[in-house]
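Good morning, colleagues. Please look at the model on the screen while I take you through a few of its computed features.

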Amino acid sequence: MVWLIDFNGFNLSHISVRMTRETAHVLQEHYPERLGVAILYDPPKFFEPFWKVVKPFLEAKTQNKVKFVYSDDVNSKKAMEDLFDMEKLESAFGGNGDSGFNISKFAERMKEDDKRMPAFWSRENTQSAAPPEPMSTLDHV
């Protein structure tokens with residue numbers, strides 16, 4: 001999984017150490033090693049001290065997968081270019097895409113993936129079944 005977390009409109013009232021700790025627990029215990037990278041896009045400056053409080057609740061491997069990305073930073077732009085097809089990435093995240101998010105299209109794509117998963121995971125087809133094709137960056141929205 002790649003998480004792209006948009007902090008647009010985020011403020012102090014949204015911070016919850018308890019919820020963050022519970023989310024980290026669920027992800028680490030029930031979905032181990034699923035996270036490829038978590039991109040915190042344009043977090044406000046007050047979020048960095050919060051990160052220092054939350055960080056100890058995460059395994060070291062997970063801590064290293066969290067990346068702070070700022071729209072006005074050249075190195076951040078390079079990191080985004082390395083991860084995403086900038087032509088398809090929404091302009092809100094520094095890309096050139098302008099399609100916006102469409103929950104209906106996203107839901108349809110998820111339903112298609114759900115239908116293919118049993119064949120992928122069944123023992124009889126393990127060798128011959130291909131995993132679902134990865135979605136192109138924001139192809140589904």
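Residues are numbered from 1 along each chain as its sequence is written, and side-chain values use heavy atoms, with hydrogens and water left out.

The average pLDDT, the predictor's confidence in each residue from 0 to 100, is 79 for the protein, and 87% of the residues score at least 70. Over residues 135–141, pLDDT stays under 50. Where pLDDT is low, the predicted coordinates should not be read in detail.

Let us turn to Lys 65, in the loop between helix H3 (60–63) and E3; helices (H or I, at least four residues) and strands (E, at least two) are DSSP runs, numbered from the N terminus. Is Lys 65 buried or exposed? Lys 65 counts as buried because its relative accessibility is 17%, the cut-offs being under 20% for buried, over 50% for exposed and partly exposed in between, with a 1.4 Å probe and protein chains only. A polar atom of the Lys 65 side chain lies 2.8 Å from the backbone oxygen of Leu 35.

Finally, the lining of the second largest pocket has 20 nonpolar, 6 polar and 4 charged residues; Ala, Val, Leu, Ile, Met, Phe, Trp, Tyr, Cys and Pro count as nonpolar, Asp, Glu, Lys and Arg as charged, and the others, Gly among them, as polar. H1 gives the largest share of this lining, 6 residues.

Notes: This is a predicted model: local features need pLDDT of at least 70, side-chain atom pairs count only at pLDDT 80 or more; totals for chains, interfaces and linings use all residues. Contact means heavy atoms within 4.5 Å. A polar contact is a pair of N or O atoms within 3.5 Å; within protein, one must be able to donate a hydrogen and the other to accept it, and residues adjacent in sequence count only if both atoms are side-chain atoms.
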